[in-house]
Amino acid sequence: MQDKDSKQLSGEMIQVVSFSLGNEEYGVDIAQVQEINRMVQITHVPRAPHFMEGVINLRGQLIPIIDLRARFDMPRVEHTKNTRIVVTEIGSKRVGMVVDAVSEVLRVPVEQVEEAPEMITGVETEYIRGVGKLGDRLIIMLDLQRVISASEKRELETLDAAAPEATAVS
Amino acid sequence: MSEEFFDREEFVQYFKDETDELLQTVDSSLLQLEKYVDADDIDAEIVNELFRAMHTIKGSAGMLGFTEVQELAHRLESVFDLLRKDRMPLSQQSIDLLFEGCDILTALIRALTGEAIVPEGVDGYMERLESFSSLYETAAAIVAGGAERHEDQGEERLDATTEEIAAFEADVARLLAGSESGKLPAELLATAADAPQPADGAAHPTHQARQEQRRNLSQTIRVDIERLDALLSLVGELVINRTRISDIAATLARSLSDFKDTPACGVIEPLTKDLADSAGLLARTTNEIQEGIMKVRMVPIGQVFERFPRMVRDLSKARKKEVRLEIRGAETDLDKTVVDEIGEPLMHLIRNCVDHGIEEAEERLGLGKPEVGTIRLNAYHEGNQIIIEVGDDGRGINLARVREKGIRQGLVSESDKLTDREIMELIFQPGFSTAEKVTDISGRGVGMDVVKKNIARLKGIFDIDSTEGVGTIFTIKLPLTLAIIQALLVRVGGELYSIPLDSVIESQRVEMSEVRTVHGNEVITLRGAVVPLLRIGEFFGLGTTRDPEKVMIVIVNMQGRQVGIVVDSFQGEQEIVIKPLSDVIGRISGISGATILGNGSISLIIDVHSLVGDAYASGRVARAEYSAV
């Protein structure tokens, strides 16, 4: 990775963990990634937003799992042996994300990261921090905070619609 | 002191904690002292306690530079000093003045820690207090001075003191004119010699008992609740692992026969036995640690009760009613977090009793009831629960009036046939109030619904029992702790769910032939009562299929209503540690959290309250009350 252009190394670099969803390549800041796990049994949580896959037990801790495909309105696929759970930590929140496969850790020069052009991908631009160019590869850099917080917002809307005041019973 | 060595914030917090406790003591001591009003002889120990408390507040406030608090505490201390030196008779006026001072002091301290705004009229109060106590200081000086002079020249003493007394009387007159309500009647100056002694000696702890109490206090330490929470959470992990190790030991013991007659058997067999023994020991120790940490978190509910005598006193005065508060079971322990949350609901209930329950004295006499109304506050343990009752001997709930009000507020319609129970439940509706006019005590339309919500949040059950003309009893049932509970494990659509055992009445297998439908909703008849069924798998959208022959039902109780939750199978009872679902998922109606089981798998915990509430609201469950008609 750090071979082709030595001038790039002198500039500021960011390290990203790259993974794939369909034909696209995504990246998240390595500082936000806690660990990468193989698929484990996920406990389904009923009445959660559709992209909440459920919760897993990670060494005694409950970690909520987001299905990124569902989050980005991509068609669901069967889990394969390459499917991974990327456990991220944003603030004090820990969230796992199901991705098709994890490829590698990349060093991307900061100046090669551009603002996301509108609708370059199927992913709504609100979740994207930018697009990193590495040779002819395009890495879509995710804004995890948005991926999570937007989920809270939507989830609340879902809740409001689905659950009228419990005390309205008589 | 430099910033580095003096964390002021921490000191202020400590000051606040300490004074909170002291002010509570002052409040309850003043209430005790009030019983001695106009009595000949007051319990010196109570006054001493008040004096010491005020002295400590004064000292701490001075150290932190809270001059206003220091000043006020100092003046109150002087009054207590006069009292304990018998230089001032105890009158209702002085007690009222002291109560007022205690309130202002509390408000001042709250203001310092940013919890409230600075109260008004502090200076005015201090002036009043100052002139009040200087009056008696002068009187004391005259008496002392008079006695001195008596020894040398008899004649002159008479003249001098007469003059001084004249000046003193002028002082009194000026003060009387100055105070708006004539707070200092002349007879205040003379001790009422023939006042009756306080009736019940039991209310005043003996000297020895107090000293004992103080000794016990010195053996305690203050611990941040967060540290205890952290410990409890660790114990939770330990409990999970204990269960897991026990599971492994049991599995190993079961599969031992597979190794029979193999060379490995000689090694594995004794090891298996050792593991089982260790697992047993670990289980026992873990249980003890768990119990221990639970006990550490337990505090007597009396901490909450303490503030109510004062509240009832003030409220009943404001409403011109005669009310007596009886407290029982103040020593009953429950979890600190629950204690912190239960104060507010109890306050609402007691207010309700004073405002709506207890009648005015004349009305009571007319009804042949004792003139003084009684509010009973009672707490006791029952199994894994604590029961708190707030009862009054007042007018009770007028169901007809509640119904009428409910119709007027559009909560029910004229034609609705309601059971007494359903009418009673109207009281829990947001905005419901039968008070004809808004008072500062209650009747603002907040109250019972808030109480019910708060109690539901604590996983508690709230109930009302009322007989018109006889009184009302509010009953609150709370779990002792919120962290570890007994649960019934059930399987639904391939997942394990936990149902808290405290809401489970029984579990049953029922033949489909016994299941009827009412308006398309399934019900069963259980001992004469119609119990609606809730197919939780379908409700949760788990894609479960119906068994054509039978249903497995867990009967749960919600506010006196029974609902049968249909599950796939029962998986036994287990102690579980409640873990909240991540806030990324947010609150999900019907699920209160999750737990990790011994084998590492996750079981979601069903929140019976919101589940059943939602099921009713969405019309998924037959309304049993109607279907029975």
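Predicted model: local features only at pLDDT ≥ 70, side-chain atom pairs only at ≥ 80, totals over all residues.
## Chain A: layout and sheet

The chain has 170 residues, and 45% of them count as buried.

One sheet in chain A is open and built from 5 strands, in the order 3-6-7-5-4, with mixed pairing. Its edges are strand 3 (33–38) and strand 4 (52–58) of chain A, each of which pairs on one side only. From one strand to the next, the twist averages 30°.

Inside that order, take strand 6 (residues 84–90) and strand 7 (residues 93–99) of chain A: they pair in the antiparallel sense over 7 bridges. If you want a spot to look at, Ile85(A) stands opposite Val98(A) in strand 7 of chain A.

## Two residues with positive phi in chain A

As background, most residues other than glycine have a negative phi. Arg47(A) is not a glycine, yet its phi is positive at about 65°. You'll find Arg47(A) in the loop between strand 3 and strand 4 of chain A. With a relative accessible area of 28%, Arg47(A) is partly exposed, because that class covers values between 20% and 50%.

Asp73(A) isn't a glycine either, and it has a positive phi of about 55°. Its place is the loop between helix 2 (68–71) and strand 6 of chain A. Is Asp73(A) buried or exposed? At 54% relative accessibility, Asp73(A) counts as exposed, since the cut-off for that class is over 50%.

## Rings and charges

Over all chains the count comes to 7 aromatic pairs. In one of them, the rings of Phe19(A) and Tyr26(A) have their centres 5.9 Å apart and their planes at 10°, so this pair is stacked. Phe19(A) and Tyr26(A) are both buried. Another pair, Phe305(B) with Phe308(B), has ring centres 6.5 Å apart and planes at 45°, which makes it tilted. Phe305(B) counts as buried at 1% relative accessibility, and Phe308(B) is buried with a relative accessible area of 0%.

Phe19(A) and Tyr26(A) also belong to a cluster: ring pairs link them with Phe72(A).

| Arginine | Ring below | Distance from ring centre |
|---|---|---|
| Arg71(A) | Phe51(A) | 4.2 Å |
| Arg84(B) | Phe51(B) | 3.7 Å |

## Chain B: a helix pair

Two packed helices are described by the angle between their axes and the distance between the axes. For helix 11 (residues 308–318) and helix 12 (residues 336–357) of chain B, the angle is about 30° and the axes are 11 Å apart. Helix 11 and helix 12 of chain B are therefore roughly parallel to each other, because angles under 35 degrees fall in that class. The crossing of helix 11 and helix 12 of chain B is right-handed.

Which residues of helix 11 of chain B are buried? They are Phe308(B), Arg310(B), Met311(B), Val312(B), Arg313(B), Leu315(B) and Ser316(B). Phe308(B) in that list is also a member of the tilted ring pair with Phe305(B). After helix 11 of chain B comes Lys320(B), with a positive phi near 55°.

## Chain B: the sheet

Chain B has an open sheet too, made of 5 strands in the order 2-4-5-7-6, and its pairing is mixed. Strand 2 (323–328) and strand 6 (461–467) of chain B stand at the edges with a single partner strand each, so one side of each is left without a neighbour in the sheet. Direction ignored, neighbouring strands of this sheet are turned by 15° against each other on average.

Notes
Residues numbered from 1 in each chain as written. Chains lettered and ligands numbered in written order. Heavy atoms only, no water. Pairing = 2+ DSSP bridges. Helix = DSSP H or I, 4+ residues; strand = E, 2+ residues; numbered from the N terminus. Axes fitted to C-alpha atoms, helices over the stretch in contact; angles between N-to-C directions. Phe/Tyr/Trp six-rings, centres within 6.5 Å; stacked < 30°, edge-to-face > 60°. Buried < 20%, exposed > 50% of the residue type's maximum accessible area, 1.4 Å probe, protein only. Lys NZ or Arg CZ within 6 Å of the ring centre and 35° of its normal. Parallel < 35°, antiparallel > 145°, perpendicular 65-115°, else oblique. Left-handed = near helix turned anticlockwise from the far one by under 90°.
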